[in-house]
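Please read this briefing with the sequence and the 3D structure at hand.

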Amino acid sequence: MVNKLRRRDLEALSAYLDGELPPRQRARLEARLESDPALGSALEELRHTRAVLRSALVARAPRNFTLRADQVAQPAPASRLYPVMRYASAIATVLLVVVFIGDVLSGVGFPGAMALNAESQPALEMAVEAEGEAELPQTALAEGADVAADEGMVEAPAPSEKNVGATPMAFEAEPEGGYGGGGPSPTQPTLAAEDATEEAALPTLQAREVPLTPAAESLSEAAPADNEVSPFRIIEGLLGLTALLTGFMALLLRRGDL
Amino acid sequence: MDEAELIRYAKDGDLEAFNRLVLAYQDMAFNLAYRMLSEAAAAEDVTQEAFLSAYRKLHTFRGGSFRAWLLRIVTNASYDELRRKGRRPTTALTPTDDEGEEVETPAWLADSSENPEHIAERVELVEAIQRCLQRLTPDFRAVVVMVDIQGLEYAEVAAAIRKPLGTVKSRLARARANMQDCLRGFKELLPSEFRLKSESV
């Protein structure tokens with residue numbers, strides 16, 4: 001019966017039961033109830049339903065819900081430094097990544113790339129100059145060897161006459177090891193003056209030897225760079241340290257240890 | 001000490017004063033939570049959480065009906081729990097003890113002044129009502145519980161659910177109509193004195 005009622009009538013009947021209907025609407029509804037038995041029946045059903053609901057026992061609390069002091073104690077407010085440290089750590093990490101990427105892309109402070117440049121450049125020069133130059137002064141050879149030896153690039157045993165002109169590889173090792181003391185080899189002028197065959201062979205050997213000068217120079221430039229600390233490295237180190245320290249501080253602050 | 005004084009002291013941090021308010025309203029709060037959730041254990045948790053929340057938010061109480069203000073907190077906590085339950089398997093409506101066994105007559109429903117037969121009838125009635133309440137949407141359920149079971153005025157309910165009076169009237173009327181239909185399906189469970197006239201003929 002109730003379901004067949006219009007929603008407005010249903011709401012009016014429900015409110016009428018609870019005495020929540022305004023006087024004017026109540027009077028109008030009471031007039032309709034006298035003339036409409038179906039509406040009166042619906043009211044009775046609704047009244048009965050309400051009685052059933054009101055007869056339901058109110059569930060009593062199974063225990064007391066009183067609060068203890070430790071329950072209401074507010075947790076210590078998080079330190080204001082926590083967000084500062086957290087964001088500082090994040091920013092430092094991002095900057096570290098950016099700087100590292102810039103470092104790699106630029107090749108500065110990247111030892112592998114520098115070594116590669118130092119090796120490839122003299123190799124090209126060696127090939128070109130071996131064809132074009134017939135002879136170079138012995139001093140050039142000696143100087144080149146000096147530089148290389150001074151930089152400690154090679155540690156070969158002292159050469160012998162037999163080694164000179166035997167193989168290019170053996171000759172290349174000669175000035176480095178033989179002139180390792182820094183001065184000109186005492187045997188080299190003798191070899192050039194006394195032995196014609198060996199003298200004829202010398203230009204070739206010298207031609208092979210000449211490129212050592214720029215190579216040694218290149219290496220002599222590269223070697224100090226390895227010893228110097230790149231600015232990228234310093235920045236990366238500082239950023240990494242900052243990220244670690246601030247992150248650790250944030251962790252401690254969050255745990256309430258600080 | 002009247003309620004207004006207790007509230008004033010409680011606002012100043014007097015836990016003892018607040019606990020006296022808790023004792024005055026804990027049955028009502030638990031009952032609402034239980035009707036909303038149909039689960040005694042969950043209703044206990046919600047009630048405890050609601051009182052704790054009420055204590056912490058007491059400074060926001062600006063006067064008016066403290067009961068309505070408290071019931072709003074309980075209702076919101078019940079809604080939160082219902083949302084959580086929506087992501088969990090449903091539980092049986094019948095109360096269970098600590099070992100999961102069904103409890104025919106929960107301690108909080110038993111009334112020592114009633115005879116066993118009457119208690120059984122009461123329990124059946126309560127179960128029937130509870131099952132029908134569960135078929136209502138939480139919004140309708142809250143209104144019908146507050147008005148018909150808790151006996152609140154419309155204005156208090158409107159304050160508790162923060163809705164206009166017209167919404168309360170509308171929801172209550174429709175909830176009652178739905179409850180009437182539902183209770184017809186449980187007519188065997190209902191004691192004869194509670195059966196609807198149209199069904200008992």
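Two residues are in contact if their C-beta atoms, placed from the backbone, lie within 7 Å. This is a predicted model, in which local features need pLDDT of at least 70 and side-chain atom pairs count only at pLDDT 80 or more, while totals for chains, interfaces and linings use all residues. Residues are numbered from 1 along each chain as its sequence is written, and chains are lettered from A and ligands numbered from 1 in the order in which they are written.

**Helices α6 and α7 of chain B**

- On the α6(B) side, B:A142, B:V143, B:M146 and B:V147 meet B:V157, B:A160 and B:I161 of α7(B).
- By class, this contact has seven nonpolar, no polar and no charged residues; Ala, Val, Leu, Ile, Met, Phe, Trp, Tyr, Cys and Pro count as nonpolar, Asp, Glu, Lys and Arg as charged, and the others, Gly among them, as polar.
- Helix α6 covers residues 138–149 of chain B and helix α7 covers residues 154–161 of chain B; helices (H or I, at least four residues) and strands (E, at least two) are DSSP runs, numbered from the N terminus.
- The two helices pack at an angle of about 145°, with their axes 10 Å apart; axes are lines fitted to C-alpha atoms, for helices over the stretch in contact, and angles run from 0 to 180 degrees between N-to-C directions.

**The nonpolar core**

- A nonpolar core is a set of buried Ala, Val, Leu, Ile, Met, Phe, Trp, Tyr and Cys residues joined through C-beta atoms within 7 Å.
- A residue is buried if 20 or more other C-beta atoms lie within 10 Å of its own, exposed if 12 or fewer, and partly exposed in between.
- The largest nonpolar core has 63 residues, and B:A29, B:L32, B:A33, B:V74, B:V143, B:V144 and B:M146 touch the most other members.
- Helix α2 (residues 15–37) of chain B gives the most to this core, with 12 residues.
- Beyond its neighbours within four places in sequence, B:L32 is in contact with B:L71, B:V74, B:T75, B:V145, B:M146 and B:Q150.
- In soluble globular proteins, nonpolar side chains tend to be buried together.

- B:S38 lies in the loop between α2 and α3 (40–56) of chain B, and its phi is near 60°, a positive value in a residue other than glycine.
- B:S38 is buried because 22 other C-beta atoms lie within 10 Å.
- B:R162 lies in the loop between α7 and α8 (165–184) of chain B, and its phi is near 55°, also positive in a residue other than glycine.
- B:R162 counts as exposed because it has 11 C-beta neighbours inside 10 Å.
- B:Y55 is in helix α3 of chain B and counts as partly exposed because it has 19 C-beta neighbours inside 10 Å.
- Not counting residues up to four places away in sequence, B:Y55 touches A:L67, A:V72 and B:F18.

**Chain A and its side towards chain B**

- Chain A has 12 helices and zero strands.
- Of its 258 residues, 21% count as buried.
- In chain A, 75% of the contacts with a separation of 6 or more join residues 24 or more positions apart.
- 31 residues of chain A are in contact with 42 residues of chain B.
- The largest share of the side of chain A that touches chain B, 10 residues, comes from α3(A).
- The residues of that side divide into 16 nonpolar, eight polar and seven charged.
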